[in-house]
Amino acid sequence: MTPEVRLGIMGYPVAHSRSPAMHQAALQHCGLSGSYQLLPTPPEQLTETMQHIRSAQLTGFNVTIPHKETVLAHLDALETSAQRVGAVNCVVREGRGLIGHNTDAGGMARILDGLPLSAGRAIVIGAGGAARASVDALACRGWRILVANRTAERARAAFAGCAEVLPLADMTNREVEDASLLLNATAAGMGRPHESPLPAAIRLPPHLTVIELVYTPLETRLLRQARTAGCTTVDGLALLAAQAADSFELWTGRRLPDEVFRRAAESAAEAPEGAERAAGRVGAATT
Ligand code: NAP
């Protein structure tokens, strides 16, 4: 009999995460018995939750804000992209060990590989964990990268030696004209449909491909600006689905199309109570 797949997501808050819905759909798709629990963990409870995770014998779990970096100290080993990025969003149990991965970086790499673009100049807006994962994927593909962040000092500390850095407010149309890719890895626009990370004077040229990581709302102001300008666009659910597909494969060995995860994430957004419902169990053998 196939062992039960026991998964979860550790973060704070996690109540509105779409990951339970995505991974429940994937378990069902594969006919696997399992569960995906919410593991709400305020920062001061990280050690306690990690002890619980070790004794509860989870197959693996996702890690989200605010633990993507602090969790490193609680793991037994890191896969190479997690080492380079310095952040973990997916943990896999191997024997008695917990191994940290960064499927945001791997998912972004797959998105880039699916675009009809050759490596050129990219602008990444942001300097947090999502920006570091994106810069890792771009740098591994030979892109020249300019990072624009609201707090330039944070970007200089994060990207010394691997990207040029500019305060976001100083970004001009010249930098944007020179780029073939612009990627928003900030929280600007998250839950705020009228907010864009772009300084007001910026006009997007139609040759640009714009990748958005914010997915609430699905069409952010930046994506509207890009669509109106005639740019190629990639919305925030693309990475959400890609990182989920990569995480699911690491845990179960089963490769599913990103579309399975994307559809589940879209359905969860349509039913606000969906995340809680999806945190319920799948299959018979549950605890
Ligand atoms: P983080 O580490 O907290 O970094 C947040 C970044 O956003 C910082 O660069 C911050 O600038 C910037 N920022 C926040 N509000 C801003 C505003 N109003 N204007 C301009 N910049 C602003 O967060 P993270 O983990 O990197 O995540 C960043 C975003 O990506 C979040 O919205 C997250 O939900 C999204 N994300 C999506 C996916 C996906 O699968 N689609 C995956 C990962 C992350 P300062 O440094 O100046 O504070």
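This report describes a sheet and several helices in a predicted model.

**The sheet**

Six strands form an open sheet with parallel pairing, and their order is β9-β8-β7-β10-β11-β12. At the edges lie β9 (164-167) and β12 (232-234), each of which pairs on one side only. On average, neighbouring strands of this sheet are turned by 20 degrees against each other, direction ignored.

Strand β11 (residues 209-212) runs parallel to β12 and is joined to β12 by three bridges. Within β12, V234 is the bridge partner of I211.

**Helices across the sheet**

| Helix | Strands it lies across | Angle |
|---|---|---|
| α6 (residues 152-159) | β8 (144-149) and β9 | about 170 degrees to β9 |
| α8 (residues 221-229) | β10 (181-184), β11 and β12 | about 165 degrees to β11 |

**A pair of helices**

Helix α4 (residues 103-113) and helix α9 (residues 236-252) have axes that come within 8 Å and cross at roughly 120 degrees. On the α4 side, the contact is made by T103, D104, G106, G107, M108, R110 and I111. The α9 side contributes A238, L239, A242, Q243, A245, D246, S247 and L250. By type, the residues of this contact between α4 and α9 divide into seven nonpolar, five polar and three charged.

Methods
Residues are numbered from 1 along each chain as its sequence is written. This is a predicted model: local features need pLDDT of at least 70, side-chain atom pairs count only at pLDDT 80 or more; totals for chains, interfaces and linings use all residues. Side-chain values use heavy atoms; hydrogens and water are left out. Two strands pair if DSSP finds at least two bridges between them. Helices (H or I, at least four residues) and strands (E, at least two) are DSSP runs, numbered from the N terminus. Axes are lines fitted to C-alpha atoms, for helices over the stretch in contact, and angles run from 0 to 180 degrees between N-to-C directions. Contact means heavy atoms within 4.5 Å. Ala, Val, Leu, Ile, Met, Phe, Trp, Tyr, Cys and Pro count as nonpolar, Asp, Glu, Lys and Arg as charged, and the others, Gly among them, as polar.
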